[in-house]
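Thank you all for making time this morning. Please have a look at the sequence and the structure as they come up, and then I will walk you through a few places in the fold.

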Amino acid sequence: MTESFRRDGEYEQYETPYQGAQQQHASSPVNPEWPPPPAQPPTAPPQPATPSQPAAFAAEGAGSYGGDGDGGGTALLTAPLAEPAAPAPKRRTRGPLALLAAVAIVAAAVGGGTAYGIQELTGNDTVASSSTSTNVVPSSAKGTVAGVAKAVSPSIVEINATSNAGESTGSGVIITSDGEIITNNHVISGASTIKVSTSDGKTYTAKVVGTDSKKDLALIKLENASGLTAATLGNSDGVQVGDQVVAIGSPEGLTGTVTSGIVSALNRDVTVATDEGQSQNQGGNGQWPFEFGGRQFNGDTGSSTTTYKAIQTDASLNPGNSGGALIDMNGNIIGINSAMYSASSDSSTAGSAGLGFSIPINTVKSDLATLRAGGTDS
């Protein structure tokens with residue numbers, strides 16, 4: 001058993017010099033391209049330790065000089081030289097750690113870029129409504145009537161049209177900075193002169209560009225206008241019953257009046273007059289004559305009529321709101337107000353009953369090219 005332990009010790013001495021040689025090679029200031037130590041151990045057997053010489057020193061001596069194992073003095077000389085080998089493992093360790101850190105940084109950068117791309121594609125950084133993802137209202141006033149009114153009021157105008165049949169007051173929506181304005185056909189139908197007042201109190205003369213009585217739409221253009229605030233046209237296909245809305249117009253000549261409510265129904269078949277005289281007189285009581293469900297409201301629409309699909313709202317509308325804007329809570333125009341129901345035929349007592357109708361803005365957008373070309377009525 002004792003011999004067995006001594007042989008094991010000798011084998012450990014045999015292995016240790018070779019490892020010492022590797023350490024010395026790794027710490028030597030030589031060309032790193034030189035080949036590593038031979039794979040096979042030295043041929044000369046290591047010298048056994050003497051009672052006066054520890055096994056560790058004997059092993060160091062043998063490893064330092066190729067295994068000649070001559071004397072403990074040699075071991076003492078080589079022991080300090082072996083100390084620089086200690087940093088070698090650190091150098092080997094720093095490489096993988098630095099590589100892992102670099103990989104982690106790159107992965108983080110790629111991950112951040114991916115998240116940003118998804119955010120941009122999904123549009124999460126905006127407050128999207130059911131109608132459109134465009135946000136006109138400042139973030140500090142999102143979803144408020146005050147925020148919508150402040151953002152959109154500069155784009156809404158009052159229209160005063162004069163004809164042989166009399167005068168009518170309505171509203172309009174600026175769609176270009178140089179003064180293109182969308183309104184109802186019945187507001188300007190047959191007019192000889194058109195005056196437009198903006199929210200800042202300026203007055204312009206306007207000319208008719210095109211009309212479409214079948215959709216009760218008209219496009220007029222201000223003369224010598226520039227730098228106006230154009231409204232943002234939304235997407236009425238996304239509107240849902242129950243959506244909050246804001247209406248802006250000039251009821252009874254009260255410029256810039258703001259009311260609010262919800263969308264109470266969709267796709268209402270509303271029939272309005274296309275006859276110039278009937279539209280201009282507005283039923284003879286200041287109201288907008290229209291027909292719904294086989295019944296006529298606010299007067300006789302006459303024999304010349306047209307029907308369109310309308311958005312129904314309970315936002316308060318009154319005479320003068322015609323041609324104005326129905327707006328979602330992001331500040332996008334989703335409809336052009338065109339008709340309202342009044343329970344009274346007397347204009348002095350007539351008022352909003354919470355039944356208003358708007359032409360969907362997608363109908364307007366699809367008709368713009370026709371209107372700019374002069375309209376179907378020219």
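This is a predicted model: local features need pLDDT of at least 70, side-chain atom pairs count only at pLDDT 80 or more; totals for chains, interfaces and linings use all residues.

T271 lies in strand β9, where strands (E, at least two residues) and helices (H or I, at least four residues) are DSSP runs numbered from the N terminus. With a relative accessible area of 9%, T271 is buried; throughout this talk buried means under 20% relative accessible area, exposed means over 50%, and partly exposed is what falls in between, using a 1.4 Å probe and protein chains only. The side chain of T271 is joined to that of T307 by a polar contact of 2.7 Å, a polar contact being a pair of N or O atoms within 3.5 Å in which, within protein, one must be able to donate a hydrogen and the other to accept it, and for which residues adjacent in sequence count only if both atoms are side-chain atoms. Leaving out residues up to four places away in sequence, T271 touches F290, E291, T301, T305, T306 and T307, with contact meaning heavy atoms within 4.5 Å.

Residues are numbered from 1 along each chain as its sequence is written, and side-chain values use heavy atoms, with hydrogens and water left out.

Staying with strand β9, N267 also has its place there, and its phi is near 60 degrees, a positive value in a residue other than glycine. Most residues other than glycine have a negative phi. N267 is exposed, at a relative accessible area of 55%. A positive phi, near 55 degrees, is also found at E252, which sits in the loop between β8 and β9 and is exposed at 56%.

Let me turn to charged pairs. How many salt bridges does a search of the whole structure find? The search finds four, a salt bridge being a side-chain nitrogen of Lys or Arg within 4 Å of a carboxyl oxygen of Asp or Glu. One of them joins the side chains of K309 and D269 at 2.8 Å, N to O, and this pair links distant parts of the chain, with K309 in strand β12 (residues 305-313) and D269 in strand β9 (residues 257-273), 40 residues apart. K309 is partly exposed at 45%, and D269 is partly exposed at 37%. Another salt bridge, between K221 and D178, has an N to O distance of 3.7 Å; K221 is in strand β6 (residues 217-222) and D178 in the loop between β2 (166-174) and β3 (180-183), 43 residues apart. In the pair K215 and D212, at 3.6 Å, K215 is partly exposed at 29%, whereas D212 is buried at 2%.

Strand β12 also holds Q312, which is buried, with a relative accessible area of 8%. Among the residues that Q312 touches, not counting those up to four places away in sequence, are I262, R268, L355 and F357.

That brings me to strand β15 (residues 356-360). Is this strand enclosed or open? Five of its five residues are buried, so β15 is largely enclosed by the rest of the structure. On pairing, which requires that DSSP find at least two bridges between two strands, β12 and β15 pair in the antiparallel sense over three bridges, with I311 standing opposite S358. Strand β14 (residues 332-340) pairs with β15 over five bridges, again in the antiparallel sense, and there I336 has I359 as its bridge partner.

Finally, the nonpolar cores, each a set of buried Ala, Val, Leu, Ile, Met, Phe, Trp, Tyr and Cys residues joined through side-chain atoms within 4.5 Å. The largest core has 31 residues, of which I182, I327 and I333 touch the most other members, and its largest share, four residues, comes from helix α8 (residues 361-372). Beyond its neighbours within four places in sequence, I333 is in contact with residues including V152, V173, L233 and I361. A second, separate core of 15 residues includes V157, I181, I188 and L222. In helix α5 (residues 145-152), the buried residues are G147, V148, A149 and V152, and they pack against β1 (156-163), β8 (244-249), β9, β13 (325-328) and β14.
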